[in-house]
Amino acid sequence: MGKKVKKEAEPPPQDVFDPLLIESKTPATVVLMLSSPEAEVLAKACDALYKFASKGDENKVTLLGLGALEHLHKLISHEDPIVRRNAIMVFGIMASNHDVKKLLRELDVTNPLISQLAPEGDVVIHEFATLCLAHMAVEYTTKVKIFEQGGLEPLIRLLGSPDPDVQKNSLECIYFLVQDFQNCAAVCELNVIPPLLELLESEYPVIQLLALQTLEVISKDRETRIILGENNGLNRLLKILETNELSDLHVKTLAVLENCLGDVHTLQLIQQTGGLKKLLSLLGVSTVPNIQKNAAKAITKAAYDSEIRKILNEEEVEKCLLNLLETDNDEVKIAASQAISAMCENVKSKRELGLQGIPQLIKLLSSDNEEVKEAAVTALASLTAASYSNASAVIEAEGIEPLVHTLSTQRDGAIASAVTVLTNLATQESFRISIQSQGIMSTLAEPLQSSNSQVQSKAAFAVAAFGCDAVARTELRNAGGLGPLVELLHSRNDEVRRNACWAVTVCASDELTSVELCSLGALDILEEINLSTKRKNRFSEAALEKLLDNNLSQKYSRLGYLSSSNIITNGFYDCGQLKPGVKFLSLEELSMQELTDRRAIIFINAKPREDLAGEKAYDSPPASKIGSKEKARKGKGKKEEDKTKEVQEEINLEKEVWLPPLDFILMDYIKDASKTILPLTTTREQVVALAQFVADRMGGSIERDKLHDFSWELHISEIEFELKCNIVPIGKIKKGTFYHRALLFKVIADRIGIGCTLVRGKYNRAWNEVKLVDDSPKRAGLLLPPQEYIVDLMFEPGFLIKQGSAKADRYKCI
């Protein structure tokens with residue numbers, strides 16, 4: 001097994017000619033002899049040069065300088081077989097030198113060498129021709145030439161040569177060639193797999209290793225993996241792993257299996273034949289760190305595919321990984337932690353790994369090895385993502401303190417992952433309180449100042465997670481964390497800027513914090529961001545909205561946009577787009593104004609009927625407005641004391657809380673929509689049904705070319721005249737245009753749980769946007785993001801218009 005593949009050149013047959021004594025001659029003289037017309041002299045000269053070149057690289061350089069290669073180039077196609085053989089021997093031995101290879105490429109020796117690889121050829125010629133080609137195949141242009149000149153087929157054929165040196169050289173040449181994709185595909189078509197598998201049985205380790213290295217490269221191709229399985233190759237690979245005497249081949253064998261594990265078809269084949277169970281069993285009993293590490297890496301790579309994760313879970317790969325965490329080797333611990341992170345994408349695996357793995361990973365956070373600590377905390381980040389049980393396990397394992405301590409480590413990856421774990425835990429209020437007791441907000445002030453964008457992003461997101469608590473916001477403010485947070489709004493990194501905006505949005509819930517954020521320039525920065533088409537994002541808009549006011553009516557009036565998270569409640573009103581410099585009036589202030597011909601104010605007030613007990617409802621102008629006018633009229637002609645009494649009553653009335661009118665029709669809309677739309681199974685169906693519901697109650701569908709005949713303005717004016725007020729409850733509107741329908745759609749959608757936006761456009765346009773997952777078939781392993789649609793409420797109620805399309809632009813009247 002340990003025998004080395006090495007063989008001296010065979011001496012020329014003794015019956016051809018007597019040895020030519022040239023030991024006393026200089027190399028230059030021997031090179032001159034290469035010009036001799038006599039075959040006998042040429043053969044002896046080549047033999048002498050072979051021996052001279054074999055003694056070292058310096059001698060090869062000497063021969064190169066003497067022009068030996070140019071002469072030898074003519075001789076490799078010599079009619080005399082001995083001359084030809086000896087010349088090729090010199091080429092083979094000299095080709096290891098870089099400068100020699102360069103000249104050989106210029107001389108274009110590949111074609112004549114390939115022509116010498118015929119099956120009936122001399123074994124020695126085969127050996128040194130393949131040796132020369134192997135040395136030259138390292139360079140790309142030679143690979144191309146060998147491919148174009150048909151060298152692959154004879155090289156693959158020579159893998160079956162009885163001579164081990166021919167096998168080794170041919171295999172090495174093929175190994176270099178398959179580094180190129182074109183050659184890789186070609187060798188598979190030429191059926192290279194069977195001879196490669198046969199060479200795994202070789203008695204020479206160097207040949208076995210080269211065969212494995214070649215298999216590792218070509219098995220990255222799916223078709224090759226299928227052929228490998230059909231030729232019983234997987235079992236042969238597992239047999240190597242089972243053989244302790246072949247331990248020096250185990251790492252490369254695992255590298256081939258790593259490629260196979262990454263393919264669902266091949267993995268299923270391994271599983272069906274019991275090979276996967278055998279592989280994991282071997283890994284479980286192995287004590288060789290290199291084997292354990294590479295096996296864990298193979299699992300990590302394979303686990304990126306959901307189907308493969310499922311298969312690995314069926315074979316209880318989790319037990320194997322948990323055992324690897326107990327080893328004394330840091331590299332194995334790192335690889336096992338990374339594999340755990342990958343397997344966490346499988347829900348069952350995440351649950352099983354969390355039960356035992358979390359306490360082990362928490363212990364690793366105390367490791368002196370920073371890489372171990374980073375890998376462990378990254379695995380914890382994956383385990384705790386959207387998992388209450390695993391988050392609880394971290395708490396039970398007393399993991400908060402070491403996690404907070406990890407924020408002071410020197411590795412950015414470890415800091416980012418530790419922040420992620422803490423953020424994952426913060427989804428539970430009791431856990432969040434426990435983390436806050438450890439001074440998390442003060443600790444986050446430093447990561448916010450990191451130069452690493454990933455750390456900045458995670459830290460800002462953590463501020464958003466913990467900032468929902470007033471005490472936490474105060475802690476961050478006192479720790480000087482708001483300044484660095486505002487600075488992150490300047491970041492060129494989209495994710496950092498987005499998370500910083502979100503953190504500002506959360507922190508702005510606190511009046512003192514909001515004031516300080518504004519004093520630090522957050523408002524100015526956000527306004528600047530939102531003016532940029534490249535830098536602005538929904539979070540920057542949300543942050544600006546929060547800093548402006550926490551009033552949805554004012555937000556819609558100023559910004560012309562409500563997101564799906566902005567839930568319209570009772571008391572909301574749409575008074576149109578507010579012009580710059582104009583004061584935003586409250587609904588009560590607007591109710592006191594005289595009836596005008598300006599745009600009606602659309603009002604929302606749909607309290608549940610059970611909340612109406614004891615309240616006097618008006619399907620009429622606000623009581624305060626009518627009452628004050630009536631009292632003013634009655635006051636005329638009365639005695640002075642009566643007038644004084646009336647004035648006092650008016651003052652008392654003004655001090656009363658103004659109650660807006662109730663909209664019973666809207667209440668019925670919401671009730672009917674809840675009964676008919678909520679039972680629908682998909683969001684898409686609910687959106688379509690709601691769109692048709694809204695359109696039916698506001699005048700039905702309108703033909704596009706007859707839109708101008710839809711006299712909604714007159715209808716609204718009539719309602720205003722009837723109510724003697726500019727404020728119109730939305731339920732009163734029976735002929736509504738774009739912005740009436742879009743508002744009603746948003747109101748009802750918010751009540752029944754359909755996420756949608758409300759966007760104001762020009763020319764009395766407004767529309768709703770919804771996000772829906774595409775129903776089209778998905779590629780394996782690819783999770784398609786939801787698509788944005790505009791809901792048509794006018795022309796084809798219920799039709800969903802893909803955002804960004806020409807039809808969407810027409811609907812917006814752009």
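# Exercises on cavities, helices and strands in a predicted model

The cavity count for this structure comes to three of 30 Å³ or more, where a cavity is a set of points, on a 1 Å grid over the protein atoms alone, at which a 1.4 Å probe fits but cannot get out. The model is predicted, so that local features need pLDDT of at least 70 and side-chain atom pairs count only at pLDDT 80 or more, while totals for chains, interfaces and linings use all residues. Residues are numbered from 1 along each chain as its sequence is written, and side-chain values use heavy atoms, with hydrogens and water left out.

## Exercise 1: the largest cavity

Task. State the volume of the largest cavity and characterise its lining.

Solution. 
Step 1. The largest cavity holds about 60 Å³ of space; a volume is the space filled by probe spheres set on the grid points, which are joined across faces, edges and corners.
Step 2. Lining residues have an atom within 4 Å of a point. For the largest cavity they are Leu254, Leu261, Leu276, Leu279, Leu280, Leu283, Ala295, Ala298 and Ile299.
Step 3. The elements giving two or more residues to this lining are helix 17 (250–261), helix 19 (275–285) and helix 20 (289–302). Helices (H or I, at least four residues) and strands (E, at least two) are DSSP runs, numbered from the N terminus. Helix 19 provides the largest share of the lining, four residues.
Step 4. By class, the lining has nine nonpolar, no polar and no charged residues. Here Ala, Val, Leu, Ile, Met, Phe, Trp, Tyr, Cys and Pro count as nonpolar, Asp, Glu, Lys and Arg as charged, and the others, Gly among them, as polar.

## Exercise 2: the second largest pocket

Task. Describe the lining of the second largest pocket by position, element and class.

Solution. 
Step 1. A pocket is an open set of points with protein on both sides within 12 Å along at least five of seven lines. The second largest pocket has a volume of about 470 Å³.
Step 2. Its lining comprises 23 residues, of which Ala542, Ser563, Ser564, Ser565 and Asn566 lie nearest the centre.
Step 3. Two or more lining residues come from each of helix 34, helix 37 (538–548), helix 38 (552–559) and strand 6 (766–772). Helix 37 gives the most, with five residues.
Step 4. The lining divides into eight nonpolar, eight polar and seven charged residues.

## Exercise 3: helix 34

Task. Determine the span, burial and N-terminal cap of helix 34.

Solution. 
Step 1. Helix 34 (residues 494–507) has 14 residues and reaches 20 Å from its first C-alpha to its last, close to the 20 Å expected at 1.5 Å a residue. The expected span is 1.5 Å times one less than the number of residues.
Step 2. The buried residues include Arg497, Asn499 and Thr505.
Step 3. Asn493 caps the N-terminal end, with a side-chain oxygen 3.0 Å from the backbone nitrogen of Glu495.

## Exercise 4: strand pairing

Solution. 
Step 1. Two strands pair if DSSP finds at least two bridges between them.
Step 2. Strand 2 and strand 3 (residues 601–603) are antiparallel over two bridges, and Asp574 stands opposite Ile602.

## Exercise 5: backbone phi

Task. Locate Lys724 and Tyr763 and state the phi of each.

Solution. 
Step 1. Most residues other than glycine have a negative phi.
Step 2. Lys724, in the loop between helix 44 (712–723) and strand 4, has a positive phi of about 55° although it is not a glycine.
Step 3. Tyr763, in the loop between strand 5 (758–760) and strand 6, has a positive phi of about 60°. Tyr763 is exposed, with a relative accessible area of 61%.

Methods
Buried means under 20% relative accessible area, exposed over 50%, partly exposed in between (1.4 Å probe, protein chains only). A polar contact is a pair of N or O atoms within 3.5 Å; within protein, one must be able to donate a hydrogen and the other to accept it, and residues adjacent in sequence count only if both atoms are side-chain atoms.
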